[in-house]
Amino acid sequence: MSDGRVVLVGAGPGDPELLTLRAVRALQSADVILFDDLVSREVLDFARREARKMLVGKTGYGPSCKQDEINALMVSLAKQGKRVVRLKGGDPLIFGRAGEEIEACSAANIPLEVVPGITAAQGAAAKLAIPLTDRGQARRLQYITGHAKNGALPDDIDWPSLADPTVTTAVYMPAKTLAALVERALSEGLDAATPAVAISRATRHDQQSIAAPICDLPARLRQANLPGPLLVMIGRVLGDAAQAAAPARSYG
């Protein structure tokens, strides 16, 4: 019987030192690594030298492999007896399409393991020393995606939840839809003065951030033209910490 298997590994938001020990062990025992374009290339330095490394795309808005193609390749390699690592930026279980890949492996009776990673919101907040929750200001933390399958603003966002002054919201991949999201959120009751921070390339040596009231953030981002990947965090808990994040500040 083939001993092929698949491990979904979270590569974290970029800084290779944020990899878990289990992630490193998986990379060092892999025969094949299927990695997304958002994965920091420094992370691949931890891979076994003999491992075959295959870029399978999944860029935000540019050309990329279709998910069905990735699923088929992953299953095919595992059926050949390969130890396959499916390497994803951040955490594979947070906006990483892990469910579709888990289902594909289950349908093909391929053994599968999931190795969690630090998600972008955690890494960005740590880099900026910004709390995501606070006993007096934020009782809840929520992650939402900035775009639907068609690239547009999702039509099923829980707007009252986003407008709740005691919640901290992390918006993933909002580069193309932030202006529309903010306009709708303000109309649904979000305070225009709510502190917000946009973070580009979280935790990497070239991380940049812009802090502004949420009503001003889309215009500030258009002026700055920050590179992706982009994350936006919204919430009064950001407060003074968000203001301390200088416009377009770079971290080396």
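These are my notebook entries on a few spots I looked up in this predicted model.

**Ground rules.** I'm working from a predicted model, where local features need pLDDT of at least 70, side-chain atom pairs count only at pLDDT 80 or more, and totals for chains, interfaces and linings use all residues. Numbering runs from 1 along each chain as its sequence is written, and side-chain values use heavy atoms, with hydrogens and water left out.

**Lys 88.** I found Lys 88 in strand S4, residues 83-88 (helices are DSSP runs of H or I, at least four residues; strands are runs of E, at least two; numbered from the N terminus). Lys 88 is buried at 2% relative accessible area (buried is under 20%, with a 1.4 Å probe and protein chains only). Which residues does Lys 88 touch? Beyond four places away in sequence, I noted among them Val 9, Asp 36, Arg 97 and Glu 101 (contact is heavy atoms within 4.5 Å).

**Trp 159.** I looked up Trp 159 next and found it in helix H6. Trp 159 counts as buried because its relative accessibility is 4%.

**Cores.** The largest nonpolar core has 22 residues, and Leu 162, Leu 217 and Leu 221 have the most contacts inside it (a core is a set of buried Ala, Val, Leu, Ile, Met, Phe, Trp, Tyr and Cys residues joined through side-chain atoms within 4.5 Å). H7 gives the most to this core, with four residues. I also logged a second, separate core of 19 residues, including Val 7 and Leu 27.

Notes. Buried means under 20% relative accessible area, exposed over 50%, partly exposed in between (1.4 Å probe, protein chains only).
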